[in-house]
Amino acid sequence: MGQIFSPAADTWLRLFLVTGISLATGSIVFAVGLARSDWITSANMHPPAQPAPFSHRHHAGELGIDCRYCHTSVAESPRAGLPPTHTCMTCHSQVWTGAPMLAPVRASLADNKPLNWQRVAVLPEYVFFRHDIHISKGVGCVECHGRVDRMALTFRAKPLTMQFCLDCHRDPAPHLRPKDQITNMAWQPTGDRAALGHALMRDYGIAPERLTHCYVCHR
Amino acid sequence: MTASSDARPILPPDQSYGDVTDQLAGIPLNFPTRRRWLIALGLSSLLLGLLFVSAIVLFSTGVGIWGLNIPVNWAFAIHNYVWWLGIGHAGTLISALLLLLGRDWRNSLNRFAETMTLFAVMCAGIYPILHLGRPWFVYWMFPYPATMQVWPQFRSPLEWDIWAVLTYLTVSVVFWYIGLVPDLAAARDRARRRRWQVFFGVLALGWRGSAMHWMRWNQAYRLLAALAVPLVVSVHSEVSLLFAAGTIPGWHSTIFPPYFVLGAAFSGFAVVSMIAIVLRSLFRLHNLVTDDHLDVLGKVLLATGLMTAYGYVFEIFDTLYSGNVHELQTLTDRVTGQYGWSYWGAIVFNFLALQPLWWKTVRRSPWALFAISTSVVIGMWLERYMILVTSLYRDFLVSSWGEYHATFWDWAIFAGTIGLFFVPFLLLIRLLPVISIFETKEVLYEEQQQATLASPAEVAHGRA
Amino acid sequence: MIQADDIMRSAAPRFDLAQARAVASNGSLQFWTSIEDLIDQDGFRTWLAAEFPSAAPLLDDSSRRQVLKLMGASLLLAGLTGCQDEAANHALPYVNQPDYAVPGVPRHYATALTFEGYVQPIIAKTIAGRPIKLDGHPDHPATRGGSDAFMQAALFGLYDPERSKSPTYDGIPVTWGAVDQTLATLRERWRNRRGEGLRILTGPTTSPTMIRQMQALAALYPQMRWHRHAPAMPQQQQAALAQAFGRPVTQHLRLDRCAAIVSIDDDLLGPGPHQVMQARAWSTRRGEPTPGQGRSSLYVAEAVPSLTGTVASSRLPCDPPRLGALIQALGATFSLAGWTAPDLSEAESHWIDRAVSDLRQFPGQALLTVGPHLAPSWQKAAFAINEALGNAGETIWYSEPLLVPPSDTETLDALANDIEAGAVDTLIVIDCDPSYTAPTVFDDAAMLDRIPHRLHAGQHADETATRSQWHLPLSHSLEGWSDGRAVDGTYSIIQPAISPLYATRSLHQLLDMLAGQQDPANDAAVRATWRERFGDNFDNRWTDALHRGWVEGKSLQPLALKAKSPPVPLALDAGEDQSLHIVFRPDPTVWDGRFANIAWLQELPKPISKLTWDNAIAVSPALAGARALSNGDMIEVEIGDRKLQGPVWIMPGQAANTVALAFGYGRRNGGEIAKSGGYDAYAIRAGDDVWQARGTLARVEGQYQLATTQQHHRMDGFDFVREVTAAHPTIPKPKDAATLYPEWPPGDHAWAMAIDLDRCIGCNACIAACNVENNVPVVGKDQVVRGREMLWLRVDRYYTGDLGNPRSFFQPVPCMHCEKAPCEMGCPVHATVHSPDGINQMVYNRCIGTRTCSSYCPYKVRRFNWYDYRDTTDAGQAAKNPDVSVRSRGVMEKCTYCTQRIQAARVEADKNNQPLRRDEIVTACQQACPTQAITFGDLNDSGSAVSKLRRSGRHYALLEDLGTRPRTTYLARWNDSDGDVS
Amino acid sequence: MAGPELYGALAQFETPEALIAAAKAARQKGYRRLDAFTPFPVHQLNSILRLHDRRVLWLGLIGGCFGFFAALAMQIFTNYDYPINVGGRPLYALSAFAVVAFELTVLFAALFPAFGMLALNGLPRLNHPLFAAAAFPLASRNRFFLCVLADDARFDEKDTVFFLKGLAPVSVELVPS
């Protein structure tokens, strides 16, 4: 009896094995990469549709309204708080009174129905993030929210993964700033960043070794 | 391979290489007993189907469908896991340990023993996943660069488990396949139909039996064997740590590793005997799986059984010697408690039922041996159940004592794994040589060499 | 389910979104999306969702599914959707933000609940406008912050999805408008008949407003009569007092002054309105006895094991007649005129001798009490003896009555007679359910139907509601304004912690309506009362009272009274009568049945039997032996011609021939959960003495599945609960367990808990508090039967010795937070690990459910989510603590030392770089404990309370020799059964 | 018979003994590029044909070391990368790490030589000149073959075949490459 396989068969077999192996390894690498990609963390994605096209760039950037004017409870509460419609209307009962883009806002006030904003910086429900402590320890808004003052429509600027949180909890120094600069998006440290960071850590009494155990964020 | 130390040949030497080759390679190529095989496959497929159904129900509803509770939050899943894994070990021991010891009789058994190992380990392997509360996160047990930056916890016996079982499965597969390649070549060369030729042709990887190939193959095969033996021991010792690492009375004992390993081998050899007996009558292999083989298996069974019995004795001694009030409580509960049947069941099926094996006639009788092996398999199942449940259902605090009652789904999944074992096993004995062809020929060759060396008288005696 | 759905459907159109939204505020609701579900933002859609509640995916347990479905009636929370919803991708700010509201910061209100007419002062913690936790008012003179299980669970009464949501006529939902019209015509009728035939039936009350309103009504309708009915509160005591002192008075005990207490079947520390105050007082005295002082021994003779009996120095089980014998013996010993000593058994006389010697040894510091449900003649003996011993005015004093005692014409029986006589034209039943709680008073159940006009006002469509044409939904105590007096007489003004969730009216609104007011404001009546009482300084005192939680001053004055010498008691029946003694008791978890629809209380183990979801017929081991009965056997109890059937429960320590029945079960209406189990003891409760009777029992076919959380009770041979005695006042310190492991660097804190077993009375307040604080799910009876209850903190109960009269022990067991935790090294994925401050952390979102931790846990304190136990419906969600994850299927959970409280405190301290204050952090169980048996704190601070206790001679760790180094440890119980701890 | 390029000359023998004898003869004749094909390993051939190759065993050792150190490194790294107090156990818990270390040692000590063996043997090789030889399928049954490869210095079509025929084979054939 003669050959069962043509000489080409060997080439095919080897090709098959090689592709198989590279696919297997490749898919793992891909998965690991994907988990960090914007697709999964939904950072820097297209801004979601909002009831009203609110522009942080206009309000926080161009008009320079302080974050805390609307997000009132950020310093004393776990959550920053969204402004009640009333807050919007304090100005917009005077300016842009007839603007069609503000119709939903006026409607909300008129028939006492809250505006249904789409959240942008969402954490899983098992993460217990507190704005107040971060503010009081000198972590600027920009650290997690990015340059909101440059966003025409607000989008998530940081991945907000556990890794993202841990990086800062393990080494807070580079992310700290003087308390009076918390809401200043544009603030740049002058002089030695490292020295400043460590000085601030001392002042704020931050002990990283206490910041990485599970119950700091999970309960 | 070192010559067999048995004076008399294990195989009737009056058979030629050709006959053996045709006989064994012929089994897949023109399969003798289609009907019975199909029936068996059908039944096992039903069980496998049951497994799928149960698994779907399990994953969609939660482990609550089992009889588990606090304190007995481990039961069937874990104890069947241990049981299956134990069965698997015999395959490796037979083919690896006996290879190194140069016991030629193993050559007629190692192939299907290894095959059995593969699927026993597979059955064991799915349990740790089934029993998870959130099985979809099982990959968290592997170290991968997660964005949560948390790693597996390498002090946990469960973590050890994953590595041990996967290693064991991989090594078993490789060992099995490497040993199979020359036979695949033989089948390839016997095959006449194109489909078979390609099938065996690819699997045989183009094995040509060149002297150089054989030399390297020998090195690799024996090296794997040398690794497989400590691996088996480590795997089941490690499984035993799953219990011994806990503080629970009845678990927290240093005797567990050897106790478990021996028990494992014990149950495994029982299953090997059962399969051997069935296969040889199914495929008329009496010339290759002889009564002498059964005899040896019987002896091994008896030996391992007695060692296991020693385990029972020592466990009791250990407890009495320690005098720990909780350990004593557990001992009483085991022997006299609600689940006493599992303890006495183990004693009866694992020890008493074994005693007839002292008689040669019993060992050589397929029926007797099969019956005893069955009892051992049941006995070991009961023993694992006893070790697990009777320790958990009454641990330290009297207030948290509870009960465990297996539910329909507990049994369904267990039955399902039996299907999971037999379906692929039946497929493989349908497709591959069930007995190592070339190793059989090797034995014949060595026997003939012996025969020529030995004086005619002895040869005659040997033939008798 | 059908009914429940109907309720919703009918109520929905009347649901007022705006009003409910006013309730809501901009709050933290992580838990709302406990895993997948989103809350939508439109009230109507929420209502739809409630129509089709997501049933938990369970194949095989109907009852739990039912429980969860019921939780589904949830449109009430539509209003709450005006909230921020963290994890759902929706965020709904206010339209107009209330000035006070800081989003995500809880607010606390000082207010009160009412229970059996008395107020229970509380602090209500609300978040997003929803009460999520109730605790005793820490500064209130009576309770000092203690709780009981009822107080803790009141929250779930508020969120009970089966509460009546709108008025109904013959079961058909109608508007309040319709009610007003009907009332108008009825008022006309009453006025014309000068109130002839108008009867109002209520429970007992201390509310000045209610009394004022009733007087007003009486003025309007002079012939009207006000009946009172309290099925679970014995009237004998009031009678006895009235007879003894010739005028109605209320007695007050000062247990904190008692060196010796002799209780004849008086469950001083048991459930009821007095529990918190008396337990607190008793434990204060019990304290940590040191030679020469702090002595407080307790002698209890009782028919049915009680909490008081469990902690007694010396307990004597005896059948009711023998109780009388004991009292006679005491009367004779203290030479009451004409009293002669009966012959006592050896045990009895031994007990008497020691009791008497103690009573004599501490004149003015001892107390003799007789169960309020026992014959007045017996009770009167106690008053006299206390007076003779100089205890009156010291350990016991008398005041003006707190509860307005009903005159003979105002009782339920009087009402029944009048109905019989056809003298009743209109019956208005308010917050009271006679057709369930007193079926035997009416000759036949249908008797009520003869009354032309029947109105029922209550929170549930209960048995009486179904017999009334009109059912008017009442507001929950947390929803409406009211007032009343605590057991010590202190007045409290009750302010709502949440505005009514449904179209309900408060009791006072209703009474005003009866008086003819149109749509009275929620607080009108109460303000009116207090404007009158406070006079011109009203505004300040009103705000002050609301702020403080009670009205200053206004406490009771002791009355100088002399007890009439008690008549010579009738000869006791010698007991030839072979029949058994059937005694009735309110149920420790559902009381008289009013709490029966609260799943959380149903699943709370009864303190002594550890039963859940059912009541059982308790018999003594002796009787069980004689009749060959075992737990769960069905038996029939017969009193006269009345019968009931129920499952047996063998109760160690119960008097040999006594059979105990518990109220509160066998409901026929009032909610699916209420109807779910048990027998109705009221059905055979009749005669002059409604607390005990002679009867027989017989085994009948069948077995009943009882769900208990503890199946084994014998501690002989083990030392889980240790004891010290005067002879051996300290526990030998264990040699330091050697460890191979190097020590971890100490953290900035080292949290630890110490539980004083000498103070624990097993009242369950800690468990209830823990459940509420930590969102512990209800799993349903069938799951409890399968050993899957989820309690993070359990109170184990052990017996030693002869089960006829065992020594019994309570031992609360939370997570031990072992320093060398076996559970942690078992977990393959780092889901349970240690924090620097020594907490054994359980990270739910990392858990994959291998359950290794629980297998390795020597204390079995871990709980597993075998199914999806989450209550994903709005009703269930509303009560959840937003600071604690709701655990999903397949994850382990356990006590965390209330880590959310620790974290909150640390953050507050951190924010201004202050260290934590000493003993600042209080766990939920500790906060609730009426006897302060639980102490939590920092071991690094040698001055902390817990550090001090750890240095006590009574300190020990559970299963010490395992070397797990528990952080939760115990203080041994004082065994003063030998009489003397000094 | 001037044919195409040759792979070698293939002689078929009845018994292992015959093959061994033939192999010896061929060596003496000076043939060096010899190969034998047998249905089962015939160990005497190794010495006769001067077959030496211990690389498979070395691979085993290398694999073992690799597995061992990889496992240790992995466990130590993960424990120090996110140091967490687990039940008060030390971060560096060698006794605990030993298990996985051992398993991986075995794993790689097994995989390396196994696949190494195949690679060194040039397998898989589905198509090979020998498969074309008419008698070769018997090599896996009951016949024993000696092959003188065509690239042997002394290989000569006629001489070699003649020589082989002299060794009393069952058959001799030329295998085209």
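How many bridges join strand E3 of chain C to E4(C), and in which sense do the two strands run? Six bridges join them, and the strands run antiparallel. Strand E3 covers residues 118-127 of chain C. This is a predicted model.

**Two sheets in chain C**

Strand E3 belongs to an open sheet of three strands, in the order E2-E3-E4 of chain C. The pairing in this sheet is antiparallel. Strand E2 (107-115) and strand E4 (130-136) of chain C stand at the edges. Each has a single partner strand, so one side of each is left without a neighbour in the sheet. Neighbouring strands of this sheet are turned by 40° against each other on average, direction ignored. One bridge can be named by its residues: Ala124(C) has Leu134(C) in E4(C) as its bridge partner.

What holds such strands side by side? Strands of a sheet pair through backbone hydrogen bonds, either parallel or antiparallel.

Another open sheet of chain C has four strands, in the order E36-E29-E38-E37. Its pairing is mixed. Strand E36 (934-938) and strand E37 (955-956) of chain C stand at the edges. Each of these two has a single partner strand, so one side of each lacks a neighbour in the sheet. E29(C) pairs with strand E38 (residues 968-971) of chain C in the parallel sense, over four bridges. Within that pairing, Leu971(C) in E38(C) is the bridge partner of Asp756(C).

**Salt bridges**

Over all chains, a search of the whole structure finds 74 salt bridges. The table gives three of them.

| Pair | Closest N to O distance |
|---|---|
| Arg210(A) and Asp748(C) | 2.9 Å |

Take the salt bridge of Arg210(A) with Asp748(C). This pair crosses between chains. Arg210(A) sits in the segment after helix H10 (193-204) of chain A. Asp748(C) sits in the loop between strand E28 (723-724) and strand E29 (751-756) of chain C. Arg210(A) is partly exposed, with a relative accessible area of 23%. Asp748(C) is also partly exposed, at 32% relative accessibility.

Asp395(B) lies in the loop between helix H13 (366-392) and helix H14 (408-431) of chain B, and Lys860(C) in the loop between helix H25 (852-856) and strand E34 (863-864) of chain C, so the pair joins two chains. Are these two residues buried or exposed? Both Asp395(B) and Lys860(C) are buried.

Arg450(C) lies in the loop between helix H15 (434-437) and strand E16 (453-458), and Glu420(C) in helix H14 (residues 412-420) of chain C, so the pair ties together parts that are 30 residues apart in sequence. Arg450(C) is partly exposed, with a relative accessible area of 49%. Glu420(C) counts as partly exposed too, at 41%.

Salt bridges can also link into a network. Arg130(A), Asp132(A), Glu908(C) and Lys911(C) are linked in this way.

Thr426(C) is found in strand E15 (residues 426-430) of chain C. At 0% relative accessibility, Thr426(C) counts as buried because buried means under 20%. Which residues does Thr426(C) touch, leaving aside those up to four places away in sequence? They are Trp190(C), Gly197(C), Leu198(C), Arg199(C), Ile451(C), His453(C) and Leu455(C). Leu198(C) is 228 residues away along the chain, yet the C-alpha atoms of Thr426(C) and Leu198(C) are separated by 4.8 Å.

Ala244(C) is found in helix H8 (residues 236-245) of chain C. Ala244(C) is buried, at 1% relative accessibility. Not counting residues up to four places away in sequence, Ala244(C) touches Lys380(C), Phe383(C), Lys562(C), Ala563(C) and Lys564(C). Ala244(C) and Asn386(C) are 142 residues apart in sequence and 13 Å apart in space, C-alpha to C-alpha.

**A nonpolar patch on chain A**

Phe30(A), Leu34(A), Trp39(A) and Ile40(A) make a nonpolar surface patch of about 500 Å². Helix H1 (7-36) and helix H2 (38-41) of chain A each give two or more residues to this patch. Leu34(A) lies in helix H1. Leu34(A) is partly exposed, with a relative accessible area of 32%.

Terms used. Residues are numbered from 1 along each chain as its sequence is written. Chains are lettered from A and ligands numbered from 1 in the order in which they are written. This is a predicted model: local features need pLDDT of at least 70, side-chain atom pairs count only at pLDDT 80 or more; totals for chains, interfaces and linings use all residues. Side-chain values use heavy atoms; hydrogens and water are left out. Patches are made of residues with over 30% relative accessible area and no salt bridge: like charges are joined within 9 Å, nonpolar side chains (Val, Leu, Ile, Met, Phe, Trp, Tyr) within 5 Å. Accessible areas come from the Shrake-Rupley method with a 1.4 Å probe; for residues, only the protein chains shown count as cover. A salt bridge is a side-chain nitrogen of Lys or Arg within 4 Å of a carboxyl oxygen of Asp or Glu. Buried means under 20% relative accessible area, exposed over 50%, partly exposed in between (1.4 Å probe, protein chains only). Two strands pair if DSSP finds at least two bridges between them. Axes are lines fitted to C-alpha atoms, for helices over the stretch in contact, and angles run from 0 to 180 degrees between N-to-C directions. Contact means heavy atoms within 4.5 Å.
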